[in-house]
Amino acid sequence: MNTRRVALAVGVAAVALGVTLVVAPGFAGAFSTNRTAVFALGGLAALLAIRALSTRRAASREAASLPEVESRVTFDRPGTDYIDRIREAASSRLNRDARELRAELRETAVRVLTTYDGYTQDGAESALDAGTWTDDPYAAAFFARTTPPRPLRLQLRDVFRGTAAFDHRATRAVAELAAIAEEA
């Protein structure tokens, strides 16, 4: 049996007995009270009071302590690893880095085009070579190795900013591939 129910039943019986003895004091003579019973009842009441106070004090300590705040998990934006690698390859003096990155991006582009844009393996490679996989001439030029016509103003801006054509084209290609994957 549940201890709360037992305690409730004993409490209700004690209150009922107390109300009965207050309303009809004549019933008090039916109970023999000696000193030992009075001290035992007083001691039990004191123990219950101490227990109730300690329980309340423990509950107030738990309520006062705040729970640990969860730290917010942050994730890199998709493609940021490519963007960092593109910047490194563009600033590197080794053409090997750029070739490796171009080959890896080409494999990724073939996977994206076959998975999300309905190309076959050969069709995706042909589209990349011809530059027909996108409307963006700079993204298409990255894989087709063609030079899209650019106004002199944009060429001068890139020279003064220090932006390499590789960096610009690769970044546009990654953005275009991400857009294709998101549309699907």
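**View 1. The whole chain.** Read along the sequence, the pattern is α-α-α-α-α-α-α-α. That comes to eight helices and zero strands. Helices (H or I, at least four residues) and strands (E, at least two) are DSSP runs, numbered from the N terminus. This is a predicted model: local features need pLDDT of at least 70, side-chain atom pairs count only at pLDDT 80 or more, and totals for chains, interfaces and linings use all residues. Residues are numbered from 1 along each chain as its sequence is written, and side-chain values use heavy atoms, with hydrogens and water left out.

View 2. The protein exposes about 14200 Å², by the Shrake-Rupley method with a 1.4 Å probe, where for residues only the protein chains shown count as cover. Carbon and sulfur atoms supply 58% of that area. Of the 184 residues, 22% are buried. Buried means under 20% relative accessible area, exposed over 50%, and partly exposed in between (1.4 Å probe, protein chains only).

**View 3. Val19 in helix α1.** Helix α1 covers residues 3–23 and includes Val19. Val19 counts as partly exposed because its relative accessibility is 46%.

**View 4. Helix α8.** This helix spans residues 165–183, 19 residues in total. From first C-alpha to last, α8 reaches 27 Å, close to the 27 Å expected at 1.5 Å a residue. The expected span is 1.5 Å times one less than the number of residues. Buried residues of α8 include Phe166, Ala170, Ala173, Val174, Leu177 and Ile180. An α-helix has 3.6 residues a turn, so residues three or four places apart point the same way.
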